[in-house]
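Colleague: I would like a close look at a single part of this model. Please keep it brisk.

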Amino acid sequence: MIKIAVYGKGGIGKSTTVANVAAALAEKGLKVMQIGCDPKADSTILLRGKAPMSTILDLVRQRQNDFDLEDMVRLGFKQIVCAEAGGPTPGMGCARRGIIAALTKLNEKGAYVK
């Protein structure tokens, strides 16, 4: 398994770039998972055809642990597994802790073994 993380200032095109890289890798036949970490939860929106989805942190807040992996992810273009971590309201908390919590929840629910 190869993990790639992309960081940078807001508004510089990270989500667009990552979605295009994910699509290119999927077109090559690789199994790809994209986990968006923006509180707006929009990094996978084009890959999943704008289909609505809950963020992982919203699921945790609303349902504690009463949800499955299928509630956390959507299949997108070329079967890319799309997940959105979500986060606190901008300026109201630490996004890093939210991202770690979302990644941990994906692991608990078996996202990295399917």
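Which residues of helix α2 are buried?

Modeller: First, the ground rules. This is a predicted model, where local features need pLDDT of at least 70, side-chain atom pairs count only at pLDDT 80 or more, and totals for chains, interfaces and linings use all residues. Residues are numbered from 1 along each chain as its sequence is written, and side-chain values use heavy atoms, with hydrogens and water left out.

Helix α2 spans residues 56-63, and its buried residues include I56, L57 and L59. Buried means under 20% relative accessible area, with a 1.4 Å probe and protein chains only. Helices are DSSP runs of H or I with at least four residues; strands are runs of E with at least two; both are numbered from the N terminus.

Just after α2, Q64 has a positive phi of about 50°.

Now the loop. T44 lies between β1 and α2. T44 counts as buried because its relative accessibility is 0%. Its side chain makes a polar contact with the side chain of R48, at 2.8 Å. A polar contact is a pair of N or O atoms within 3.5 Å; within protein, one must be able to donate a hydrogen and the other to accept it, and residues adjacent in sequence count only if both atoms are side-chain atoms. Neighbours within four places in sequence aside, T44 is in contact with Q34, G36, M53, C82, A83 and E84. Contact means heavy atoms within 4.5 Å.

Last, α1. Its buried residues are A19, A22, A23 and A26. What covers them includes β1 (33-36). Just after α1, G29 takes a positive phi of about 95°.

How values were computed. Buried < 20%, exposed > 50% of the residue type's maximum accessible area, 1.4 Å probe, protein only.
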